[in-house]
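Look at the sequence and the model first.

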Amino acid sequence: MMTTLDRSFHQASAPFRYPPPIETELDRLADLFARLPGLADAYPPRWLAIQALEGDEALMHAIRSLGGSAAVAALDESLERLRAVYGDDLDVALVDQRYRFVHTVATQAVRRLSTAPVTLSDRIDRVVTHRWLGIPIFLAVMWVVFKLTTDVAAPFVDWLDGVLSGPVSRWVVALLALFGAEDGWVASLMVDGVVAGVGGVLAFVPVLLALYFALALLEDSGYMARAAFVMDRLMRALGLHGKSFLPMIVGFGCSVPAIYATRTLDSRRDRILTGLLVPFMSCSARLPVYVLIAMVFFPAHAGQVIFGLYLTGITVAVGMGALLRHTLFRHQPQAPFVLELPPYRMPTLRSIWRQMWERTSSFIRKAGTIILATSIVVWLLLAVPVGGEGRFAETPVDQSAFAAVANGVTPVFAPLGFGRWETSGALVTGLIAKEVVVGTLAQAYGSTEGEIAPPDEPATLTNDLTGIVGGFGAAVGDALRALPGIIGINLVEAEEEPIAEGLASAIRAGFMESSGGQGALAALAFLVFVLLYTPCVAALAANRHEFGASWMLVSLLGQFAIAWLAAFIVFQGGLVLR
């Protein structure tokens, strides 16, 4: 093969020349550069001449500094003569000639079979991308992903939540006791603010690890491109560009890179339209909110509820795409859809772990910055008394500054069934980052508990460490027993949800009160609202950067209106049907 390629290369290289006008200027410049020691010693003269004609900025600087005014003047004269022939397409002419040469070599060296062999990827694609089987297979794959992120990851969430609310909180108090600060506002800040707020979010790291594991597996195996191909048929039928589904898939991880991924689309019309739809794809930051609320109100069907939310996001995105396609963008033509399907590959553990860690570490860094800052601000507002007789850090939460601020927007959410200051405040802070919603709920509802989870045995460092290790082993066993549940084999006995029972009870009671006894219905409306309203300020910033301030406002106001209307339909419609 190499011998054939070498022979073909030498046969083809002899006639390889740039067009005469370019060759004339290349010879002139190469001869000049060869006579300038500063340039001749640093670069091959002909190669330098080619790069200079293509406009390489770094080498242009080198020519100016090493070649002096004579080299610059000669280069300017050559460019002027060539632009008279090629206009602004000089670099295109150079590249085109090289492609022609490569094509000639490849044509002489490569022998193609008249009939291409059928590969294993081709056989798999006949089923996976089948006209009628493709979408059901895609939905089945998504179902497995959501079972992994809920049922299988749940034991680790329970374990980590217990560690943070028990031993870690006790260790923080013990450390403060060394400085005589275990009973003051500093202890409240550390335990009720930092540990409850940041810890409440970090407890969901196992959920994100499971999600990123599944996404990495799908991407590295080559199935993700098939998913885009399959969904193209559906989206085309609704007037959307099939290539738009790729940024939307990225949106399952994070809306910000998904919005920037719209740059891969050819037309501005498709980029704007896709950028408006990406926020409806449920990003991973929303997942902790889903898990918390679903575990509290629908513990036996949490996986189905979360799966339904993801499908709802896709459905709303497709529906809004069709609506916008026939209204705001009705006079703008679509670009053709071209997608190369890579062969299927066996994913490597190293690559999967790298992707899992990169994405999860970004979440953890956010917990140490944005979420930490927000938790402290929320704690401060919860600690400041407004009315009543409470003192700083000792005031009832319903008489705090946070409750007063949140109460200002509570009437907006009253028709949706969750018109309480705790949920309203959580939704407002959720504009900073959706992970903050869980932390704010933990602080707002958890503050009424006011106690650290008591240990089953005397609290010593040895007992805490033993409990942590033993709890992790139990979580591994529970996760292994949950795996068969993905295909419908239930090996896990139904039991009461142990995760943060105090917080769960407070959330359950709050929704029951705000909804007139229809807590589950209000919780479902709350989840739909979280799914559809603005992901975060970073997504808004990305939207403004890519499409401008006016489209950012359209996105912000439109998503809020759609989220409010959808949650209203869920709650009020549910009341009518009951």
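## Cavities and cores

The largest cavity holds about 40 Å³ of space. A cavity is a set of points on a 1 Å grid over the protein atoms alone where a 1.4 Å probe fits but cannot get out, and lining residues have an atom within 4 Å of a point. Volume is the space filled by probe spheres set on the points, which are joined across faces, edges and corners. The model is predicted: local features need pLDDT of at least 70, side-chain atom pairs count only at pLDDT 80 or more, and totals for chains, interfaces and linings use all residues. Residues are numbered from 1 along each chain as its sequence is written, and side-chain values use heavy atoms, without hydrogens and water.

Two cavities reach 30 Å³ or more.

| Cavity | Volume | Lining residues |
|---|---|---|
| Largest | about 40 Å³ | Met142, Val145, Phe146, Leu211, Leu215, Phe252, Tyr310 |

Helix 8 (134-152) gives the most to the largest cavity's lining, three residues. Helices here are DSSP runs (H or I, at least four residues), numbered from the N terminus.

The largest nonpolar core has 107 residues. Such a core joins buried Ala, Val, Leu, Ile, Met, Phe, Trp, Tyr and Cys residues through side-chain atoms within 4.5 Å. Buried means under 20% relative accessible area, with a 1.4 Å probe and protein chains only. Phe529 is among the residues with the most contacts inside this core. Apart from this core lies another, of 24 residues, including Leu32 and Met60.

Leu273 sits in helix 15 (268-277). Leu273 counts as buried because its relative accessibility is 2%.

Technical notes:
Buried means under 20% relative accessible area, exposed over 50%, partly exposed in between (1.4 Å probe, protein chains only). Helices (H or I, at least four residues) and strands (E, at least two) are DSSP runs, numbered from the N terminus. On a 1 Å grid over the protein atoms alone, a cavity is a set of points where a 1.4 Å probe fits but cannot get out, and a pocket is an open set with protein on both sides within 12 Å along at least five of seven lines; lining residues have an atom within 4 Å of a point.
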